[in-house]
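Here is a short note for a colleague who is meeting this structure for the first time. Please read the points alongside the sequence and the model.

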Amino acid sequence: MASKTRVENTVNERRLRPIYDWLDNGNNKKALQEADKVLKKQPSNQCARALKALALLRLGKENECQIIMDEVRSEIPCEDYTLQVMSICYRERHQPDKISEVYEAAVKVDPSNEELLTHLFMSYVRLRDYKKQQQTALALYKLKPKNPYYFWAVMSIVMQAIHSDEKLAKGVTLPLAERMVLKLIKEGKVEAEQEVQLYLMILELQGKSEEMLNVLSGPLVSHLSSVSQHKAALLLKLERFPEAANAYKELIKENVDNWAYYQDYLLAALKFQKPEECLNFLNKIITTSEKKFRAPYLAKFELLKLTQNGGVIENVTEPIDLMYQYFSQFGEKSCIIEEDVGVKPEGYPTSVQQMQRHIHLEQLRRICGFHHPPNIDINKQKQLVERLYKLYKKGNELCPIQDRLPTDFCPADSYILLATHLLHELWCNTSDAIYLYRAMEILERGLLSSPANFYIKILLVRIYLEAGLIGAADHVFTLLDVKHIQLDSLGYLHALLLAPLGHLSLASITLDHTTKFFIANYKDSADHLTFAYKYGSFVKVQELVELKERLESSFHFVMATVDKMLLEFSWCNSSTSLISTLDNMDIQQIENSFRLNILRDNRDLEVVPGWEPLTEDGEDPRMQEQTRICMLRLLAVRDLILKILAACVAPDSSSLLTRFSNELKQLDNEQIPSILQKFEVGGKKNTPCKMLVPMDAVERLREAHYSEQLRTIAQLAESLAQSRYPDFECIQMLRASACLQTIDIPEKRIPMSFKHFLLRASTCSESLAIISAICTLCATQLQPKTSQKKNKKKYNKQVTSIPLNDNDHNWKEIAMLLEERVQNLDSVLTEFEKYQLYTGLSNEEDDVCATIIKHGQDSLGQSCRSLKCRAQITLKLLSNLKS
């Protein structure tokens, strides 16, 4: 009997193999054909039907796929091949809960199947259902008493504790996990390092440091590695300072350059020793070491810092002398007397080592404020920029590109980074765009010499953005080759500014790529979690869950999604396409469609050093918190605009429009002005001089507020909520609204930043598209439903949009007003297309300068064409409103 079943399985596998191959090769049509061939001979073959469903899903036929999946599922399949294919289907449809359901049903039919139970456990891991994980793991252990299954249950209990109330965790859940592990320890069944690590994690979560120390001193230590570091840290935590100091002494002797060991050693030793004894130990390390290590020298500074209020240390060197010793040994931290660098005020370094010391001196000078007013005026800043650029050119000669690997940075690159920061400050203080173009030139030349230097690329992206040349910024950003989690940490650099600066098609592609990464992460991170359990890496489980939660609650993900949805609305050219777009979106009408308080700001603002001056009050030079609040308010208002669009076709549209318009007005009138006020000095809109402050959200929020975009949309929604048609006041408000009017084209034949002009042009274009969409949707809802003709095919061909009432004069008046504004925008953009970029650089025929002009001109042209294209689509939409 078993032999017959084996033969049947072999035959079945041979028949199904071509379907798997076509699916693996991405040829879903062929896979569907092969599945149909098998099903002609075996109509009841569950695996073949599941494979057919998968092929249909990948061909975009979700409804047909769903029908087949429901049929197969109703038969309660237990065969592993069928269940695996169904799991793939549900994963690709983002329905992990359905995977658990099919395995639950299979386990009920065959409760003693170890493989089915294992898959059921992993399905719960994907859902992070820790209670069911525990139950399934214990069922597995009861069936097959293996250590991995037992510790799956223990880890599931630990995860329940981590995600539950602290009192419950320490009183009930964690003690249960501890007792379960102790049971196996007493029976002598603990076998692997990860099992002991899990026991230590349980003790640590309960704060049982003494018990942890006993484990590290007992028989279980044979399973562990890196015991000394763990033991030393525990001794310090338990305030057993003499033992901790001795433990760290031994660790320092083993690894002389580990800075963390010195910090912990000094914390422990100074609790019971005189500072002189610590100093003697550090001096002994320095004198006995065969090589020069930085850590013991730095430890001397740390010793001085920790004892600065405790009196004088005997035989200690003065701080200035210590700095001199350190700099002379390593040349990487600080120097007080410029002559010691070896470079005269007008001279140049003669070696790479001398150049590095000089660079570090300039960085120190910047940190101390010597690159900023009042220590230096504008003329001296300009002179310093040219001096730094000359130093860069001379330094480049000391280490030419031919002598370096393609991935190596030029040691002189720091000179142009410092010069770029100065040029940006000059631009902020003078509003003269010549400094932006000079920075572009310097950075582009630096990039030719160091094509792998990501610091240069990031600063170049920011400089291009300051000039409003988003296309050029995107070109440089592609050179960074940002991928995976960097889309979250570095995506803020330019992705969310593509649409506001006019590159709408590129914005759609980039935002789509970004959101797909986050969606794919949901699946990938679940896979990583299952692997962590499978291979017993319990310590990694918590880290992977935290990473998954971090990405799921990423602000950048939510903002990119909202921007992408609003952008999709602006491409709609008829009421039919508007309604279809709304149907495809899941716009939540509840008050908080996402909780702002749980969104995480994952921006990496420290990716580029800025050497900003230190502040006594500890103020963050990158302004992360201030800009984060702006980001949240920007997200809130754009989410409300989405809700207003969706509310136009909701059954209770009047109440929803009233609520959302009130919320939008409250944000625009109260919260946003107070936030923007923090970025204004003396009533003037202020841009911080530090180019590494991410001002994008601030500028977008400022534009939406001062252009009256938010007020206009809120008042329109309020008017449409109160009346079936827009009233006279609403029409007059639209006529006067600044967001529907363009601003003057920038002056010609002088260096200009186009950021403000393009932001307003894009705001005008977006506002016209959104207001046209709101009006079209509301007007459409007033019309009686058209009865469907008998000939459905003919009907579908003839009707492209829902017709509007000819007597709606107010709608016609609004349509004509908006149409006039669209045509005005189009004419301004047509005129701007002829604009010739002028950089003001002295050698514009130079290859680098010509490249800047080409990329800049292409960027401006693309912004104009993209905004004009949206204007034409808006005109087509308005024609429905007029008809």
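1. Helix H30 (residues 624-647) and helix H35 (residues 755-781) pack with their axes 10 Å apart and at an angle of about 30°. Because angles under 35 degrees count as roughly parallel, H30 is roughly parallel to H35. On the H30 side the contact is made by Arg-638, Ile-641, Ile-644 and Leu-645, and on the H35 side by Glu-766, Ile-770, Ala-773, Ile-774 and Leu-777. Sorted by class, the residues of this contact comprise 7 nonpolar and 2 charged, with no polar ones. Please keep in mind, here and below, that the model is predicted.

2. H12 contributes Ser-209, Met-212, Leu-213, Leu-216 and Ser-217 to the contact, while H13 contributes Val-227, His-230, Lys-231, Leu-234, Leu-235 and Lys-237. These contact residues divide into 6 nonpolar, 3 polar and 2 charged.

3. Helix H22 (residues 434-449) has 16 residues, and the distance from its first C-alpha to its last is 23 Å, close to the 22 Å expected at 1.5 Å a residue. H22 is mostly covered, in that 14 of its 16 residues are buried.

4. When neighbours within four places in sequence are left aside, Ser-449 is in contact with Tyr-392, Asn-396, Ile-401, Arg-404 and Cys-410.

5. Tyr-492 lies in the loop between helix H25 (486-489) and helix H26 (504-534), and with a relative accessible area of 12% Tyr-492 is buried. Which residues is Tyr-492 in contact with, leaving aside its neighbours within four places in sequence? They are Arg-462, His-556, Arg-603, Asp-604, Leu-605, Val-607, Pro-694 and Asp-696. One of these, Leu-605, is 113 residues from Tyr-492 along the chain, and the C-alpha atoms of Tyr-492 and Leu-605 are separated by 9.6 Å.

Methods:
Residues are numbered from 1 along each chain as its sequence is written. This is a predicted model: local features need pLDDT of at least 70, side-chain atom pairs count only at pLDDT 80 or more; totals for chains, interfaces and linings use all residues. Side-chain values use heavy atoms; hydrogens and water are left out. Helices (H or I, at least four residues) and strands (E, at least two) are DSSP runs, numbered from the N terminus. The expected span of a helix is 1.5 Å times one less than its number of residues. Buried means under 20% relative accessible area, exposed over 50%, partly exposed in between (1.4 Å probe, protein chains only). Contact means heavy atoms within 4.5 Å. Ala, Val, Leu, Ile, Met, Phe, Trp, Tyr, Cys and Pro count as nonpolar, Asp, Glu, Lys and Arg as charged, and the others, Gly among them, as polar. Axes are lines fitted to C-alpha atoms, for helices over the stretch in contact, and angles run from 0 to 180 degrees between N-to-C directions. Angles under 35 degrees count as roughly parallel, over 145 as roughly antiparallel, 65 to 115 as roughly perpendicular and the rest as oblique.
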